[in-house]
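Here are some friendly notes to read alongside the model. Please keep the structure open as you go through the points.

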Amino acid sequence: MFGKLTLDALPLYSAIAAGGAAVTVGGALLVAFVVTWLRAWKYLWTEWLTSVDHKRIGIMYIVLALIMLVRGFVDAIMMRAQQATALDAGGYLPPEHFDQIFSSHGTIMIFFMAMPFMTGLINVAMPLQIGTRDVAFPFLNAVSLWLSAAGAGLVLVSLVIGKFSTAGWTGYPPYSGIEYNPGVGVDYWIWAILISGVGSTLSGINFVVTILKRRAPGMTLMRMTPFTWTALCTSVLMAFAFPAITVTCLLLALDRLAGMHFFTNAHGGNMMNYANLFWIWGHPEVYILILPAFGVFSEVVATFSRKRLFGYESLVYATAAIALLSFTVWLHHFFTMGSSADVNAFFGVTTMIIAVPTGVKVFNWLLTMYRGRIDFHPSMMWSIGFIATFAIGGMTGVLLAIPPADYLMHNTTFLVAHFHNMLIPGVLFGYLAGYMYWFPKAFGFGFDRTWGVRSFWCWLIGFYLAFMPLYLLGLKGMPRRMETYNDPTWQPYLMVAALGAVIVLCGIGCMVMQLYVSIRDRRKTVDLTGDPWDGRTLEWATSSPPPAYNFAVLPEVRDREPFLDMKERGVAYQRPAHYDDIRMPRNTPIAVVLGVLAFVLGFAIVWHIWWLVVVCALLMLAALIVRASDDDAEFTLSAAEVAKIEDARFRALESLAGSKT
């Protein structure tokens, strides 16, 4: 009845594994206790969990990302601690447990931290920036969120029931095949990625349609904000790239479950097909994550330099060029796997070429700051720290684009350092900048600057200490993924790297304190204007937090910086002559139900509980039929109700103007 699930699945094989499981379960119980103590279950269900409002969905995405950031960082600091003490078979982790940790670290940080963070920021900001009331498909947006949460839940539950994959975050065959890895870990990995990947594909399609079809009057493509442009290019990449990883995981699952031979050396299979399919998704994925961060930097630099963005057209064309070229470089991820010299040379050249439009963007940001009146807000500090640090990663990337050099360093910690040099400053710094930049817009009160600055410095210093030694170790020949080693000259570098991880941990602690202090002091920093930064784009033209409908009257756009243009023309805060009724989507529990069923279905497949698989599939079909049959999925917000909400806002603005005079 329960398939392969027995009491042996409990994490009793290791005190460390049992402790991790206890923390995971304890954390979930603590959250449930706090919500119960606050009597907030009804509010949480009706206002948040069942919401189809893009802003609330975006906030829930970011909450998921921050939770998974902490979870993934626990793996990182455990790896650094292990390697710092692992000389001559030392350390505290057995080999298999270490393999689980580095597999889950990469999986979590790419799929369940960076992807939700990116999707959350796009949800919060993009519809406001293009002057629309919601995304094109609000229900689909909610389904995407809960499918991502279902995938993250499978990764978290693998800590408690069973084990996670030991095949690395890339899951290369043959080690991810059933012959060499018969446990449930690879199955957890497959179904977590497959389920969340479907959600990401749906998000990409949704965002493309929203940007192309729902822009405000006058919002031409070349008047869109840089962040919206990066969201568009990223969404196109998501729509085309994520089906590749979804199909790859499905084929690997068929190899494991049904005895197929897509990725085996026998019966017509080919392991190299896996590498090609995985990285056809994997390298566009790097730019799926980086491009929205570039968009954040463009917004932040222009706002806090008090200048128009330098070279808008060149930045847009560079963004589109990066998106196009991202599909031409995937093979540089396996230069060492025996391709011909001509093939390696082609992909080496394309890898170098893609650095050019990235360099164009860096000059755009630097020239925007030149002679600007710079406000060193934490978001601006993240942006400046990114520029200085990302340049190092870019240079090492060009070095690795040379196939002979890559052949020497591909399997060393040099590559680990380069990869993190691209994704931590290039992705995470950007998302944290956006998180602090748009926080007042999402919640209506300010974010504490002092703790934000402290967090930035801890992250920056910790990053350099954690990863610069890995460049040196790679040049000294240290292979990556090592659980133990016997070269004593490596240990000092690894101890410095462990110290860097501890300092980054302090940065995460500062982020927690920043959030706590901001909530504690929220009454002192209430934003009545909706425009705390003297913003230039449309998201700052509405209240903070925005009403469910975003804009009572859709704005008319005449400039690339439409809100600044409205201020200069003196129409930014004019009352409309009249209001119209607004059609709004209703909240629905169907998306949550689909997410829960997807999680249970994935869990059931992992443990071969086939009757439960059938039940979940039938219930998901029934839920979709119920939703498709619902003719009452929208409601009308009357003009009188809109006027009441807007009048309250204008009274607040007038009282604020009166207090200043």
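How many salt bridges does the structure hold? The count is 18, a salt bridge being a side-chain nitrogen of Lys or Arg within 4 Å of a carboxyl oxygen of Asp or Glu.

1. A word on the basis. This is a predicted model, in which local features need pLDDT of at least 70 and side-chain atom pairs count only at pLDDT 80 or more, while totals for chains, interfaces and linings use all residues. Residues are numbered from 1 along each chain as its sequence is written, and side-chain values use heavy atoms, with hydrogens and water left out.

2. Please look at Arg71 and Asp75, whose side chains meet in a salt bridge at 2.7 Å, N to O. They sit 4 residues apart in helix 3 (residues 54–84), about one helical turn; helices (H or I, at least four residues) and strands (E, at least two) are DSSP runs, numbered from the N terminus. Arg71 is buried at 13% relative accessible area, and Asp75 is buried too, at 4%. Here buried means under 20% relative accessible area, exposed over 50%, and partly exposed in between (1.4 Å probe, protein chains only).

3. Helix 17 (residues 562–569) holds another such pair, Arg569 and Asp565, again 4 residues apart, about one turn of the helix. The closest N and O atoms of their salt bridge are 2.9 Å apart. Arg569 is partly exposed at 34% relative accessible area, whereas Asp565 is buried at 14%.

4. Arg583 and Glu634 also form a salt bridge, at 3.5 Å from N to O. Arg583 belongs to strand 1 (residues 582–585) and Glu634 to strand 2 (residues 634–637), so this pair ties together parts 51 residues apart in sequence. Glu634 is partly exposed, with 38% relative accessibility.

5. How do helix 18 and helix 19 pack, and at what angle? Helix 18 (residues 590–606) meets helix 19 (residues 610–628) at about 160 degrees, their axes 9 Å apart. Axes are lines fitted to C-alpha atoms, for helices over the stretch in contact, and angles run from 0 to 180 degrees between N-to-C directions. The two helices are therefore roughly antiparallel, a term for angles over 145 degrees.

6. Who makes this contact (heavy atoms within 4.5 Å)? The residues include Leu594, Leu597 and Leu601 of helix 18, and Trp610, Cys616, Met620 and Arg627 of helix 19. By class, the contact residues are 19 nonpolar, no polar and 1 charged. Nonpolar covers Ala, Val, Leu, Ile, Met, Phe, Trp, Tyr, Cys and Pro, charged covers Asp, Glu, Lys and Arg, and the others, Gly among them, are polar.

7. Two cis peptide bonds deserve a look. The bond from Pro173 to Pro174 is cis, with omega near 5 degrees, and Pro174 lies in the loop between helix 5 (138–157) and helix 6 (185–213). Ser544 and Pro545 are likewise joined by a cis bond, with omega about -10 degrees; Pro545 is in the loop between helix 16 (491–520) and helix 17.

8. Lastly, some backbone angles. Asp88, not a glycine, has a positive phi of about 55 degrees; Asp88 lies in the loop between helix 3 and helix 4 (95–129) and is exposed at 54% relative accessibility. Arg371 has a positive phi near 60 degrees, is found in the loop between helix 11 (355–369) and helix 12 (378–400), and is exposed at 72%.

Technical notes. Parallel < 35°, antiparallel > 145°, perpendicular 65-115°, else oblique. Contact = heavy atoms within 4.5 Å.
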